Amino acid sequence: MTSRYRSGEAFQGLNSLAPRRRTVVKAAAASAVLAGPLVGALPARAAVGTPAFLHGVASGDPLPDGVLLWTRVTPTAEAAPGSGLGPDTEVSWVVARDRALTDVVAKGSLTATAASDHTVKADVRGLAPATDYWFRFSAGGADSPVARTRTAPAHDAPVTGLRFGVVSCSNWEAGYFAAYRHLAARGDLDAWLHLGDYIYEYKSGEYAARGKVVRPHAPANEIITLADYRTRHAEYKTDPDLQALHHKAPVIAIWDDHEFADNAWSGGAVNHTEGAEGTWTARKAAAKQAYFEWMPVRPAIEGTTYRRLRFGKLADLSLLDLRSFRSQQASSGSGSVDDPDRTITGRAQLDWLKAGLKASDTTWRLVGNSVMISPFVVGSLSADLLKPLAKLLGLPQEGLAVNTDQWDGYTDDRRELLAHLRSNAIGNTVFLTGDIHMAWANDVPVDAGTYPLSASAATEFVVTSLTSDNLDDIVKVPEGTVSAIASPVIRAANRHVHWVDTDRHGYGVLDITAERAQMDYYVLSDRTSQAATSAWTRSYRTRSGTQKVERTYDPV
């Protein structure tokens, strides 16, 4: 595989449009093809004592000298995910410079136990920077698939190019993950970013594709317990397209609300009923434990997902956790969105982000951001669009206020961060965002009310959902119908928005050079089809030193 970069320590896995509340287009069992054969085959394999790697392998959080490797072994038939059953099983791993695994550079072994749901992680160090490696796990005579990973460039390497896949909002019941398949087929990604909602917590049928379940969730109930969260993560990891992408490049992931429950905040969630669904403290702990068991992510500060990775002198990437420390969402239309005592980041994380951005000596400062930071107001919409959009936002249908789940609901934190960028002349800051189920290309204005006369402090590329419903899905009209009407109105009321597509599903590819950061937006032909095709639709870039977005007419 051609490099886009120019220039054995191990530890075991750690012990919406949603129906109840919506964000702007966050309103509102393994697949039949894959799960049946796997479940049917497992007892036969277990009967002869052969473990199985039914959930693939993955890598993540690349460093210049290492990468985190992950797998889950099913040692016996009864050791299903979430069961708490199954014997301790030794799992060995090997890392090599070649796909045939003949040029071995590191190897080791771990013990998979029921206490970690038989997941294991190997944090492999001592590797060369900016290098492709291949790896495999083995247990009891069975081998996992061989997968590719890649280390980050050396800290001070003069990197000329980086390329990342960018995705969010992958709802199992709303469709197939063809976007992962198309990203895996590219063969040119240094890594891929998942910006949140890797899984969804709803019970089967509660949040599907225009109300239709494409493939049912497991478990069928809303996930609440540790066993539930483990089972749901396991279901996702049986998807062949998700496995294919994990086998091709390391992932860099953060969580948003649906890894916990819809509209989560530090003390609860809209989609959590204290008492009837246990305590929020217990549910949150279960969700976090399952996440770190099942994801190739290093637990970061205070057991969250905020952390920082570096890719030579070209870019660093600050990854945020905008759920663990945030204040409860303000009620729509209330003045409390401006309350300085309310926070989306928490004091420690905001100070960490500001310090990191100021100290950065890379050309680009990327921020992995789960909810949109750019301000958004609706303006004058026709009645037939006003009420559906209000429904998606979870706002009063007789008059729209801000979407308080985004940074719009925590304006003091946003003002402080943007003022910090301006006062310290911190340029080339690019927010990479998911959550909202629409594609956007935005300047991030210091004062949206006077923009473009006021300055832009940063830029933002927002990717749409892989499968989760967006505006045309909620209105139930053909794809592209609503966007043709709503997009011009949204842009007229938000002059910092260069483009918004309210209706389609897909992914992004971010390409970075010293001169510019460019996001290419791709859309899927049909999220409900396993054979969905992918097509490029738009590209936007920000040139170094400008803090502005502009359209470009060719993908990289």
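The side chain of Lys121 reaches the backbone oxygen of Phe292 at 2.4 Å, a polar contact being a pair of N or O atoms within 3.5 Å, where within protein one atom must be able to donate a hydrogen and the other to accept it, and where residues adjacent in sequence count only if both atoms are side-chain atoms. The model is a predicted one, in which local features need pLDDT of at least 70 and side-chain atom pairs count only at pLDDT 80 or more, whereas totals for chains, interfaces and linings use all residues. Residues are numbered from 1 along each chain as its sequence is written, and side-chain values use heavy atoms, with hydrogens and water left out.

A polar atom of the Lys121 side chain also lies 3.0 Å from the backbone oxygen of Met295. Lys121 is found in strand 5, where strands (E, at least two residues) and helices (H or I, at least four) are DSSP runs numbered from the N terminus. Although Lys121 and Phe292 are 171 residues apart along the chain, their C-alpha atoms are separated by 9.7 Å. Lys121 has a relative accessible area of 0% and is therefore buried, the term meaning under 20% relative accessible area, with exposed meaning over 50% and partly exposed in between (1.4 Å probe, protein chains only).

Two threonines also make side-chain contacts to backbone oxygens. Thr71, placed in strand 2 (residues 66-72), counts as buried at 0% relative accessibility, and its side chain reaches the backbone oxygen of Gly56 at 2.9 Å. Leaving aside neighbours within four places in sequence, Thr71 is in contact (heavy atoms within 4.5 Å) with Phe53, Gly56, Val57, Val91, His118, Thr119, Val120 and Phe137. Thr131 lies in the loop between strand 5 (119-124) and strand 6 (132-139), and the side chain of Thr131 reaches the backbone oxygen of Pro129 at 2.7 Å. With neighbours within four places again set aside, Thr131 is in contact with Thr149, Arg150 and Thr151.

| Side chain | Backbone oxygen | Distance |
|---|---|---|
| Lys121 | Phe292 | 2.4 Å |
| Lys121 | Met295 | 3.0 Å |
| Thr71 | Gly56 | 2.9 Å |
| Thr131 | Pro129 | 2.7 Å |

Helix 6 (residues 347-359) has 13 residues and reaches 18 Å from its first C-alpha to its last, close to the 18 Å expected at 1.5 Å a residue, the expected span being 1.5 Å times one less than the number of residues. Its buried residues are Gln349, Leu350, Trp352, Leu353, Lys354, Gly356 and Leu357, and what covers them includes strand 14 (307-311), strand 15 (315-319), strand 16 (364-369), helix 8 (411-423) and strand 17 (429-433). Helix 8 likewise has 13 residues, with end C-alpha atoms 18 Å apart, which agrees with the 18 Å they should span at 1.5 Å a residue. In helix 8 the buried residues are Thr411, Asp413, Arg414, Leu417, Leu418, His420 and Leu421, and these pack against helix 6, strand 17, strand 18 and strand 19.

Most residues other than glycine have a negative phi, and most peptide bonds are trans. Just after helix 8, Ala425 takes a positive phi of about 50 degrees, and this residue, in the loop between helix 8 and strand 17, is exposed, with a relative accessible area of 68%. Gln547, in the loop between strand 23 (534-543) and strand 24 (550-552), has a positive phi of about 60 degrees although it is not a glycine; Gln547 is buried, with a relative accessible area of 15%. A cis peptide bond, with omega of about -10 degrees, joins Ala218 and Pro219, and Pro219 is found in the loop between strand 10 (191-194) and helix 3 (226-236). The peptide bond from Tyr451 to Pro452 is cis, with omega near 15 degrees, and Pro452 lies in the loop between strand 18 (439-445) and strand 19 (456-462).

The largest cavity has a volume of about 60 Å³; on a 1 Å grid over the protein atoms alone, a cavity is a set of points where a 1.4 Å probe fits but cannot get out, and lining residues have an atom within 4 Å of a point. The volume is the space filled by probe spheres set on the points, which are joined across faces, edges and corners. The lining comprises Ala439, Thr464, Trp499, Asp501, Arg504, Tyr507, Tyr521, Tyr522, Val523 and Thr537. Strand 20 (497-501) and strand 22 (516-524) each supply at least two lining residues, and strand 22 gives the most, with three.

Technical notes:
On a 1 Å grid over the protein atoms alone, a cavity is a set of points where a 1.4 Å probe fits but cannot get out, and a pocket is an open set with protein on both sides within 12 Å along at least five of seven lines; lining residues have an atom within 4 Å of a point.
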